[in-house]
Amino acid sequence: MLSGGAEFCDALVVGFQAAFEGGQSATDLGRGFVELLLHGERQGYTSRDEADPGDGNVVNLLTLDRPEYRKTRLLLAGADYASFMSKLPGLDGPRRLGAEHLEQLAGIDTERSVESVQDFAEALQRTLLPSAPPHLDGAHIAFRYLPSNDVTAVGGDWFDAMALPGKRIALVVGDVMGHGVASAAIMGQLRTAVQTLAHLGLPPDEVLWELDECARRLSDTHLATCLYGIYDRVTQVFSVANAGHIPPILAVPGQRAALADIPCGTPIGVGGHGFETAHLQIPDGTTLVLCTDGLVETRTREVGEGLDALCALVTGLRSPLEQACDAVVQMLATVPRGDDAALVMASFAGIADDQVASWSLEPVPRAAGQARRLVRRRLADWKAGHLSETAEALIGELVANTCGYASRPVTVRLIRTETLTCEVYDDAHKLPARKYPDVLSESGRGLGVVAALADRWGYSRTEDGKVVWFELDGAAPDDGHGDGGHDGDRGTSPPADTSEESGQ
Amino acid sequence: MTEEWVPAEVDVNRPSIARIYDYHLGGTHNFPADREAAAQVVASMPELPAVLRVNRDFLGRCVQYLADQGIRYFLDLGSGIPTNGNVHEIAQAVDPSARVVYVDNDPTAVIHARKLLAGNDRVAVLNADLREPKAILDDPEVKRLLLLDLDEPIAILMSAVLHFVPDDTEAEALVAAYRDAMPPGSFLAISHGADTSEDAERIDTAVQTYTRAVAPLKLRTKQQVGAFLTGLEIVEPGVVHCSEWRQAAPEGQQLPQICGVGRKPVGSQ
């Protein structure tokens, strides 16, 4: 018995969805759908236009427009169905009609499934953005992302905060120009690229230069603005380069917050222009505010006006950053927004000079002994003698590793915060390789020892060579054992150690 | 000369000790105000340029001697604008790994020194006043390069600078602070404008001219300079005229610049 067109349509959709969920390709889905239609034809159904009422045995494909078939409509559009059908040879009569219906359907889908595309794009963008502020030592970071209210205007704004070796913190904010899924996808690619470049230890101008190169390889149709900066907790300097983005706002206590005066640079994707790194001294208590134009520019407000308002809002900031972010969003962000908007607020804790020590040593065998003695004395002064044994051993390994590779003096640096950070800088560009020494080997064990005994370790390139670093936890003043722990005696009579070490 | 190199913080209208010294030694890092002051001083003391050259020569022989003694860490207090035959050139000729920290309170001297020394990993220039020994000895850059915590011997050079500390008590106290901080085996080298009895009136006029035109100047006797080396083993030939130190002295009257080098005994604090 023939059943109604609507039932046939239901069966058709069920079959189609099953095929889709089975992982069929667009072409196979298309072919399968045609087969279903032909099967219906053999059963006595015809497919025809609604405007051409028939005898009742009609598969009204427009039934697909019912809400419960939304997903199918999307699938059909996605498979570029009509286009496939039109290429089938010998289409005529009912089959041709079917093809026309499907073309119409695709049109309807484009118009009516915008909501779903919006869901998809937002989901994509959410996936590509950090979901919560990262916990970074020595920094408070709060951020907000506000999607556009325009359903077709999913944006390409992004931001990032990451810890870099050497007690440094990288901040990124960027904005892929244009809207839509493609912008969001490009944003995800650029964000990944910046992360990778940041962890290669490149300075800001080089990160943007490489990002520009990368962006032009990825797409020749998208431009982006981007601000990349590194805050160094030791020097308390924010080194930042700009690719056509809104400069950072510095809210220094006791001063009116203002845009930092840094070179602007061309947007990412333009190519051929270098970037400049500016160095901003960040006094304690300063809040750094980064944003995208969507926050300050609206249909009724110029960028400059919005930035003035933002500066006024963050001047004399006292509230915690999370609340400050909410306040700024509440005051500035208009509803509806035509563009997406990002806001990042960061404040940092610098490291006092007396919690940092550095020495320049010759890359010769006796330097390992010198380094051990210097580290021992300094840790005794810091009442962190309980870390001395491990720190000395590992620093000695790293300094010894530079012999025969480095040609210029090697810098050993200790930074004491909650952790003890030990770094060895040299001018050899060859990165360390972790070897697997055989049982009797007398060398090649250094980094294995570092990896085994340090809480964290790593290496990165620097402008002049590389740095190998490790960290030991439990260095905060109250972690010490008061009298310098079991190594306390060393702190009181350091010269006594010299003879013991000088022969090494 | 062009004066494009002048940094903003330098007042070219006030004479500077370092730039006058540079002028007398034939350098080009000086301005009309310096040359005018130099001319006034030279008018009252025609031998001054020769004195400064003798002083420079002493410094060269002294650094060579110290490097030959195995010293690899040098702290040059009141270094001025680096001219030919710098401390680091002589020391690094003996051992390329020798380290030198130059200290001067004159921004011109510091900026020029930094420019000249850019790229030399073993040399640093510190803008500080030698009258603040603690600040200098605790400076991270000094500690980084001279590895003071290692207690290896260093050399502290005070070449033609202590006579700009007119107060005797202050001069003695600050030299003592450096002496005390030096690890055993370290050397202290001093050269100083000499208060000789000959021609006292003329010298006095010259000192007054210098004080008025440039900076307060206090000449000291051999005995006073020797007292700066208290507690140290004085290196032969002792406290002498600069031209007599470890070379055959030239004929005739010695120029009024004296010097002495002392070594901190090993086994002392």
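In chain A, helix α12 (residues 366-381) packs against helix α13 (residues 388-402) at an angle of about 150°, and the two axes lie 8 Å apart. The model is a predicted one. Angles over 145 degrees count as roughly antiparallel, and α12(A) and α13(A) are therefore roughly antiparallel to each other. The crossing of α12(A) past α13(A) is right-handed. On the α12(A) side, the residues that meet α13(A) are A367(A), A368(A), A371(A), R372(A), V375(A), R376(A) and L379(A). Their counterparts in α13(A) are S388(A), A391(A), E392(A), I395(A), G396(A), V399(A) and A400(A). Sorted by class, this contact of α12(A) with α13(A) comprises nine nonpolar, two polar and three charged residues.

Helix α12(A) also takes part in the contact between the chains. To this contact chain A contributes 13 residues and chain B contributes 10 residues. On the side of chain A that touches chain B, the elements giving two or more residues are β13 (356-361) and α12 of chain A. The largest share of that side, four residues, is supplied by α12(A). By class, the residues of chain A that form this side are four nonpolar, four polar and five charged.

Strand β5 (residues 168-176) of chain A is mostly covered, with eight of its nine residues buried. It is joined to strand β4 (residues 156-164) of chain A by nine bridges, and the two strands run antiparallel. In this pairing, A161(A) stands opposite L171(A) of β5(A). The hairpin of β4(A) and β5(A) has three residues between the strands, and G166(A) in this hairpin takes a positive phi near 80°. Strand β5(A) is likewise joined by nine bridges to strand β6 (residues 224-232) of chain A, again in an antiparallel arrangement. Here A170(A) stands opposite I230(A) of β6(A).

In chain B, helix α3 (residues 48-68) and helix α4 (residues 87-94) pack with their axes 9 Å apart and at an angle of about 30°. This angle makes α3(B) roughly parallel to α4(B), since angles under 35 degrees count as roughly parallel. The crossing of α3(B) past α4(B) is right-handed. The contact is formed by G60(B), V63(B), Q64(B), A67(B) and D68(B) of α3(B), together with V87(B), I90(B), A91(B) and V94(B) of α4(B). By class, the contact of α3(B) with α4(B) holds six nonpolar, two polar and one charged residues.

Terms used. Residues are numbered from 1 along each chain as its sequence is written. Chains are lettered from A and ligands numbered from 1 in the order in which they are written. This is a predicted model: local features need pLDDT of at least 70, side-chain atom pairs count only at pLDDT 80 or more; totals for chains, interfaces and linings use all residues. Axes are lines fitted to C-alpha atoms, for helices over the stretch in contact, and angles run from 0 to 180 degrees between N-to-C directions. Angles under 35 degrees count as roughly parallel, over 145 as roughly antiparallel, 65 to 115 as roughly perpendicular and the rest as oblique. A crossing is left-handed if the near helix is turned anticlockwise from the far one by less than a right angle, and right-handed if clockwise. Two residues are in contact if their C-beta atoms, placed from the backbone, lie within 7 Å. Ala, Val, Leu, Ile, Met, Phe, Trp, Tyr, Cys and Pro count as nonpolar, Asp, Glu, Lys and Arg as charged, and the others, Gly among them, as polar. A residue is buried if 20 or more other C-beta atoms lie within 10 Å of its own, exposed if 12 or fewer, and partly exposed in between; C-beta atoms are placed from the backbone. Two strands pair if DSSP finds at least two bridges between them.
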